[in-house]
Amino acid sequence: MNNIPSSSSCEDQLLELLVEGRQGSSEFQERLASCPECRQQERHFLDKMDEARRFLTPSSLQMQRIRAKVWEEIERKEARRSRWQPAWASAALLGLFVLLTIAAPRMLPPLAQVDLGGASLYASTDSLEVMADQLLPETEAPEPSWEQALSGGILEAESMEQIDNLLEMVIPDRGERT
Amino acid sequence: MDHTTFERFLDRWQNDIYRMIRSRVNAPADAEDIMQDVLLKLYRGLDSFRGESQLKTWMYRLVRNAIADYYRNPWWKFNWVKERSFNDGSESRPAWEQHVDEDQPSALDAVLDKEQGEIILNLMDRLTPAEKEYFTLRFLDGFSLQQMSDATGHNLNTIKTHLYRAVKKMKTYLVEESG
């Protein structure tokens with residue numbers, strides 16, 4: 001290695017120069033210009049750093065090898081992605097189908113709870129029965145007259161003759177057949 | 001990113017990236033693996049790079065993360081205990097392949113450079129980790145103080161303090177070495 005001038009007067013300037021670079025103040029630049037020893041030490045130090053940088057620089061063959069491997073890897077990944085793309089698309093479609101056919105109905109509220117303007121009342125047997133319980137007493141249709149007559153007549157009949165008369169009234173041709 | 005653009009990017013930056021890695025990783029083979037990993041990440045990420053941070057700063061972060069992953073891998077210890085070997089992998093290549101490496105310096109220059117480079121890097125190993133990192137960033141990676149601050153997230157005064165110490169030590173080590 002070269003002999004390095006080791007004057008302590010240059011020490012601080014050199015340190016400042018190396019750490020701060022050459023963008024120091026004009027005063028600093030003037031001092032540096034007037035100190036050949038500082039410049040020599042700076043040059044020596046930077047030359048050593050250049051040697052280290054050259055040593056760390058890869059050879060062109062080494063870089064060719066690395067680049068070839070990188071391109072190989074890139075192409076492999078791109079090929080794999082393009083190979084798997086249809087499979088992923090199919091899987092996504094299948095998943096969507098499963099979701100719509102199986103999961104979605106469970107996730108949606110039951111139809112009976114959906115307000116469809118009264119139609120929900122007819123959605124299930126249960127609700128139909130509830131409706132019947134609730135609504136029939138109020139809207140019960142009157143019994144047909146012949147039924148009223150029959151039931152009322154039987155219950156109120158006092159003799160077989162009255163019953164016969166009643167039956168005659170209900171079934172007019174009863175007597176002719178018998 | 002199209003391949004031509006990435007090729008151009010590699011032409012410009014590959015040596016800087018490799019040096020960045022190689023100065024922090026002892027085993028050349030591992031440095032190559034890390035380099036490949038970093039280049040793949042760059043290939044994927046360059047499209048989204050919008051210059052919000054400087055390219056060099058961003059690359060440094062990628063390299064740092066890749067090296068951190070490398071050191072997290074338990075296998076690195078096996079490489080670490082191996083004697084520091086600064087070969088570039090050329091030993092495993094056939095002789096004809098070594099001779100066609102035209103843009104390399106002459107054999108003697110290469111050997112001398114190799115010796116000097118190896119000496120300097122061994123001297124740098126005597127610095128503290130922080131000093132070595134800042135010293136490497138400044139003198140091997142060519143970062144400005146502001147870029148170092150952006151890349152590491154540390155303030156300028158902290159960086160300068162470490163750097164002053166590192167330069168002072170390295171000057172002393174170089175004098176000792178030459179003496």
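Q: How many residues of chain B are in contact with chain A?
A: Start with the two sides of the interface. This is a predicted model. In it, 53 residues of chain B are in contact with 40 residues of chain A.

Q: How much area do chain B and chain A bury between them?
A: Counting residues is one reading, and area is another. Chain B and chain A bury about 4,600 Å² between them. Carbon and sulfur atoms account for 65% of that.

Q: Which helices of chain B supply residues to the interface, and what about polar contacts and salt bridges?
A: Begin with the pairs. Between chain B and chain A there are 14 residue pairs in polar contact, both residues of each pair being at pLDDT 80 or more. At least two residues each of the side of chain B that touches chain A come from helix 1 (3-22), helix 2 (28-45), helix 5 (95-99), helix 6 (107-124), helix 7 (129-140) and helix 9 (156-178) of chain B. Helix 9 of chain B gives the most, with 11 residues. Sorted by class, that side of chain B has 21 nonpolar, 12 polar and 20 charged residues. As for salt bridges, the rule finds four across the interface of chain B and chain A.

Q: What is the distance between the closest N and O atoms of A:Arg65 and B:Glu32?
A: In this salt bridge the closest N and O atoms are 2.8 Å apart. A:Arg65 belongs to helix 4 (residues 60-107) of chain A and B:Glu32 to helix 2 of chain B, so this pair joins two chains.

Q: Is B:Glu32 buried or exposed?
A: To decide, compare the relative accessible area with the cut-off: buried means under 20%. B:Glu32 counts as buried because its relative accessibility is 8%.

Q: Where in chain A do A:Arg43 and A:Asp47 lie?
A: A salt bridge can also be read by its place in the secondary structure. A:Arg43 and A:Asp47 are both in helix 3 (residues 36-56) of chain A. They are four residues apart, about one turn of the helix. A salt bridge links A:Arg43 and A:Asp47, with 3.3 Å between the closest N and O atoms. A:Arg43 counts as partly exposed at 42% relative accessibility, and A:Asp47 counts as partly exposed at 34%.

Q: How many residues apart are B:Asp69 and B:Arg72, and how far apart are their closest N and O atoms?
A: Take the sequence spacing, then the distance. B:Asp69 and B:Arg72 are three residues apart in helix 3 (residues 55-72) of chain B, so about one helical turn separates them. They form a salt bridge in which the closest N and O atoms are 2.5 Å apart. At 35% relative accessibility B:Asp69 counts as partly exposed, whereas B:Arg72 is exposed, with a relative accessible area of 61%.

Q: Which residues are joined into one network by salt bridges that share partners?
A: Look for shared partners. Such salt bridges join A:Arg67, B:Glu7 and B:Asp11 into one network. Over all chains, a search of the whole structure finds 17 salt bridges.

Q: How many helices and strands does each chain have?
A: Count the elements chain by chain. Chain B has nine helices and zero strands. Chain A has eight helices and zero strands.

Q: What share of each chain counts as buried?
A: Burial can be given for a chain as well as for a residue. Of the 179 residues of chain B, 48% count as buried. For chain A, with 178 residues, the share is 23%.

Definitions and conventions: Residues are numbered from 1 along each chain as its sequence is written. Chains are lettered from A and ligands numbered from 1 in the order in which they are written. This is a predicted model: local features need pLDDT of at least 70, side-chain atom pairs count only at pLDDT 80 or more; totals for chains, interfaces and linings use all residues. Side-chain values use heavy atoms; hydrogens and water are left out. Contact means heavy atoms within 4.5 Å. Buried area is the accessible area (1.4 Å probe) that two parts lose on being put together, summed over both. A salt bridge is a side-chain nitrogen of Lys or Arg within 4 Å of a carboxyl oxygen of Asp or Glu. A polar contact is a pair of N or O atoms within 3.5 Å; within protein, one must be able to donate a hydrogen and the other to accept it, and residues adjacent in sequence count only if both atoms are side-chain atoms. Ala, Val, Leu, Ile, Met, Phe, Trp, Tyr, Cys and Pro count as nonpolar, Asp, Glu, Lys and Arg as charged, and the others, Gly among them, as polar. Buried means under 20% relative accessible area, exposed over 50%, partly exposed in between (1.4 Å probe, protein chains only).
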